[in-house]
Amino acid sequence: MANNKYVIGLDYGSDSARALIVNAITGEILATSVKYYPRWKKGLYCNPKINQWRQHPKDYLEVLEASVTEALAKCSPDVAPNVVGIAFDTTGSTPAFTDESGTPLAMLPEFAENPNAMFVLWKDHTAVKEAAEINEKCKANDIDYSQYEGGIYSAEWFWAKAMHVLREDPEVAAAAYSIVEYCEWLPAVLTGVTKAKDIVRSRCAEGHKAMWHESWGGLPPEEFLVKLDPLLKGFRARLFEKTETADKPVGTLCPEWAERLGLSTDVVIAGGAYDCHMGAVGAGVTPRTLVRVIGTSTCDVMVSSYKEIGDKLIKGICGQVDGSVIPGMVGLEAGQSSFGDVYAMFRRILEFPLRNILPTTALKDKLTEEELQGVIDDVADKIIVALTKEAEKIPISESTLYATDWINGRRTPDANQLLKGTISGFTLGTTAPQVYRALVEATAFGTKAIVDRFIEEGISIDQVIGIGGIALKSPFVMQTMCDVVNLPIKVCNTDQACALGAAMFAATAAGIYAKVEDAIAAMNSGFSKTYMPNEENHKAYMPLYEKYLKIGKFTEDEIFKA
């Protein structure tokens with residue numbers, strides 16, 4: 001083992017962070033540790049009624065130390081001295097305002113409990129109004145600065161969130177010096193950066209969400225940003241001009257964090273990127289392959305050669321950025337704002353009697369509070385399993401309910417966070433499994449809408465790769481999706497593809513590999529299963545898909561007009 005080199009991939013998701021210790025030569029995963037964000041788990045600083053989702057930077061630092069040290073403790077003693085690289089992936093766009101030192105304002109005592117001083121999580125939709133204003137001004141401008149981001153700017157993205165917070169909170173606005181993305185801040189912390197101007201900026205984050213593009217000199221010019229809102233005055237000069245791809249080192253581990261993690265100050269820290277982009281690398285993305293990171297939402301990632309992309313501007317997606325996934329190719333991003341969250345929503349509805357009636361029954365006198373809660377949780381955990389078992393028995397010809405998947409708005413094609421979900425076709429005989437099947441079909445139809453948009457815009461897709469818990473654990477969902485899109489779907493062999501992708505970037509930044517593709521070839525986990533489409537099922541689903549499109553158009557045009 002003395003000749004082996006090890007890397008650490010850190011994957012920061014919506015609810016938790018996971019650290020993966022990987023042999024950089026073989027790709028063997030030695031250990032993993034998952035830690036939940038303590039403040040987030042308590043529901044602090046969030047308000048679901050107004051779609052406000054905020055996370056405290058202290059959560060990120062606490063789980064960083066806890067997960068890395070726990071994972072290393074599971075390894076033999078000779079691993080830590082031979083760790084050569086660390087890389088992060090995070091959710092995004094998840095920005096925060098900082099002071100001049102690059103410290104998020106929530107780390108300062110006067111802002112410690114202020115949600116507006118914290119990181120604005122990707123799924124925060126408080127900036128719908130600001131996104132609409134950005135779209136209006138982009139379309140009226142000589143240069144449409146949203147053109148490389150699908151031509152529609154989203155409430156989930158950098159500038160909309162910045163505008164909203166500045167307008168809502170004068171105290172934060174007065175103290176704010178710069179803005180940092182989550183995936184940029186963590187590498188800066190580990191390398192001991194003490195000035196906002198020295199933070200290395202992510203090509204992935206800024207290209208996809210902040211309207212950064214080389215053709216107009218980086219970020220949109222000051223004149224345009226001030227047109228969006230005078231409160232943005234001065235930020236461009238205090239932000240950045242250049243961005244870097246995640247395969248490049250941003251520095252080495254600073255003494256403070258070397259001591260806290262039990263590692264050497266020689267450890268190379270790679271640039272940061274979004275979780276799904278590194279997840280696509282962890283899954284072994286290649287041209288003509290759509291990688292779906294399937295969780296609470298989906299992020300769909302592709303890479304395209306310069307020749308294939310040419311001068312195309314892909315409409316209604318979440319951006320096309322040179323080097324955002326693999327340097328030397330154009331990264332393409334799409335996705336659904338809710339996927340697993342759609343099923344979770346329905347489960348919560350069915351849990352109502354468990355959570356609100358059962359605790360008041362005679363059982364309350366027979367069981368301790370802890371035992372009763374255990375019974376409730378056990379039954380709740382079986383709801384989706386039971387629904388799946390019954391939904392699978394329903395023939396496609398008897399799928400008489402039609403639903404849209406926009407429970408949390410629509411990401412692509414054509415972002416619209418104002419949309420809500422729709423279910424049509426109820427009768428007095430409708431059952432819970434029928435509703436569940438309609439929701440599963442809706443998420444599959446949303447997938448097809450994304451696939452169709454890429455193909456319509458000239459980007460070929462030969463296969464799909466699925467990663468994440470749903471891909472590994474939900475054959476009914478995956479086969480339905482496969483039949484609807486009529487493409488083979490491979491399932492990545494690991495449930496930690498994002499962290500593994502981060503490890504590949506760490507190995508590349510540390511010089512183990514000359515390029516990311518070499519790290520993919522050496523470190524990939526392979527595939528556990530391949531779903532093949534059933535042609536008869538596909539034909540049966542197409543009339544239902546047409547109804548999905550019609551219901552969706554009616555929903556958007558008549559009920560939830562933007």
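This short talk goes through the salt bridges of the structure above.

It is a predicted model, in which local features need pLDDT of at least 70, side-chain atom pairs count only at pLDDT 80 or more, and totals for chains, interfaces and linings use all residues. Residues are numbered from 1 along each chain as its sequence is written, and side-chain values use heavy atoms, with hydrogens and water left out.

Side chains of opposite charge can pair when their charged atoms come close. A salt bridge here is a side-chain nitrogen of Lys or Arg within 4 Å of a carboxyl oxygen of Asp or Glu. Searching the whole structure gives 32 salt bridges.

Helices are DSSP runs of H or I, at least four residues, numbered from the N terminus. Buried means under 20% relative accessible area, exposed over 50%, and partly exposed in between, with a 1.4 Å probe and protein chains only. K129 counts as exposed because its relative accessibility is 53%, whereas E133, at 16%, counts as buried.

Next, D300 and R292 form a salt bridge at 2.9 Å, N to O. D300 is buried, at 0%, and R292 is buried at 0%.

Then there is R355 with D377, at 2.8 Å, N to O. This pair links distant parts of the chain, 22 residues apart: R355 is in helix α14, residues 352–356, and D377 in helix α16, residues 369–381. R355 is partly exposed at 33%, and D377 is partly exposed at 30%.

Last, a network: salt bridges with shared partners join K129, E130, E133, R167 and D229.

Note on methods. Helix = DSSP H or I, 4+ residues; strand = E, 2+ residues; numbered from the N terminus.
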